[in-house]
Amino acid sequence: MKPTWAVVATVDEPAALVVAFAAHHLAQGAASVHVFLDQPDAEAAVMLANLPGCAVTVCDAAYWAASRKGSRPALHTARQIHNARQVYAQCKADWLLHCDADEFVRDGAAVAVALAEAQDSAMYLRLRVAERAYPQDAAEETIFSGVFRHDLPDYPRNGPEIYGEMQEFFHHGLTGHKAGKALVRVGAGQKMALHAPYGKPPHQVIQTTRLLHFDGLTRLHFGLKLLRRAYEPPSSASDRHGAARNMQFLSLREAVANPALRAALISALKVLDRRQMTQLRRLGCLDEAGFDPRPALAAAGLAPDLTAAAFDAHLRQRYAGFLAEYAPDLA
């Protein structure tokens, strides 16, 4: 019998993204998708109810009061880990992938083959990352348009060649993480965490496909992500992001009052010119195959608006207070 896999995610994103995430993974062969809504979202709940195999939990006050913690953890990462462990303890699939709503398995069939070939000693299989970037002057049909870059080999040499004076803003050529995410063997007593099980037990790396990380579905989404982190109150977890990410936070915070400088910074991080794309191709670090979850959504009878304009309108409404205070020109 072929091994089965499931997905768990704790999400606080516009409903269109959440339902695209769930529909895509079910279409790719996931036995189930467990979505924890970090705050009540009636629009997302209604659409997700149309997806057989999608289990939805609303993380409201009653949910946290009934949990073993008794109260809502302050850090979103702690909430993610708690929810993932809840699903792992009850999961009926053979493997469980814990990822975010902006991360999409490229090829579920390749994942299934890798799981079937996994060594008995492997407690998890790691999905490496391919991170979305925008080709310069290319049309953006949906929030998923673009190409995907891989982390760069020999970054001290290749990083300066491709990203020049911006090299320190990237972690091995990525704006986000390069750790990837893990498909964890269910029933093996593993403790779910963010990127891999606690303690990083023996594992294998999937070589045949990647996890597509969008790290901002629009430029506004990316900018908001950085600014919200930049203005977080200091805590013991403040340094969890790494040097490159912290540089992004601080630089955008410094540029927030200058719209032109702010836009230039985001473009430098997210847009690839022709020279950069040529160099990434030469290194085998550019995936130019498109990605589009609309067929999976259509098969479920769903058609959320996936345009950048609609997505940004939702963000402006959701974060109206934050934008009014820190970036009023974006509000």
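The model is predicted: local features need pLDDT of at least 70, side-chain atom pairs count only at pLDDT 80 or more, and totals for chains, interfaces and linings use all residues. Residues are numbered from 1 along each chain as its sequence is written, and side-chain values use heavy atoms, with hydrogens and water left out. Helices (H or I, at least four residues) and strands (E, at least two) are DSSP runs, numbered from the N terminus.

**Helices α8 and α9**

- Two packed helices are described by the angle between their axes and the distance between the axes.
- Helix α8 spans residues 243–255 and helix α9 spans residues 259–270; they pack at about 155°, with axes 8 Å apart.
- Axes are lines fitted to C-alpha atoms, for helices over the stretch in contact, and angles run from 0 to 180 degrees between N-to-C directions.
- α8 and α9 are therefore roughly antiparallel (under 35 degrees is roughly parallel, over 145 roughly antiparallel, 65 to 115 roughly perpendicular, the rest oblique).
- On the α8 side, the contact (heavy atoms within 4.5 Å) is made by Gln248, Ser251, Leu252 and Ala255.
- On the α9 side, Leu261, Arg262, Leu265, Ile266 and Leu269 take part.
- These residues divide into 6 nonpolar, 2 polar and 1 charged (Ala, Val, Leu, Ile, Met, Phe, Trp, Tyr, Cys and Pro count as nonpolar, Asp, Glu, Lys and Arg as charged, and the others, Gly among them, as polar).

- Thr218 lies in the loop between β9 (203–213) and α7 (219–230).
- Thr218 is buried, at 4% relative accessible area (buried is under 20%, exposed over 50%, partly exposed in between, with a 1.4 Å probe and protein chains only).
- The Thr218 side chain reaches the backbone nitrogen of His221 at 3.0 Å.
- Beyond four places in sequence, Thr218 has contacts that include Arg132, Tyr134 and Phe311.
- Gln190 sits in the loop between β8 (181–185) and β9.
- Gln190 is also buried, at 13% relative accessibility.
- The side chain of Gln190 reaches the backbone oxygen of Ala188 at 3.2 Å.
- Beyond four places in sequence, Gln190 touches residues including Tyr88, Met123 and Pro201.

**Positive phi**

- Most residues other than glycine have a negative phi.
- His172 is not a glycine, yet has a positive phi of about 55°.
- His172 is in the loop between α6 (155–163) and β8, and is partly exposed at 32%.
- Asp215 has a positive phi near 40°.
- Asp215 is in the loop between β9 and α7, and is buried at 0%.

Key:
A polar contact is a pair of N or O atoms within 3.5 Å; within protein, one must be able to donate a hydrogen and the other to accept it, and residues adjacent in sequence count only if both atoms are side-chain atoms.
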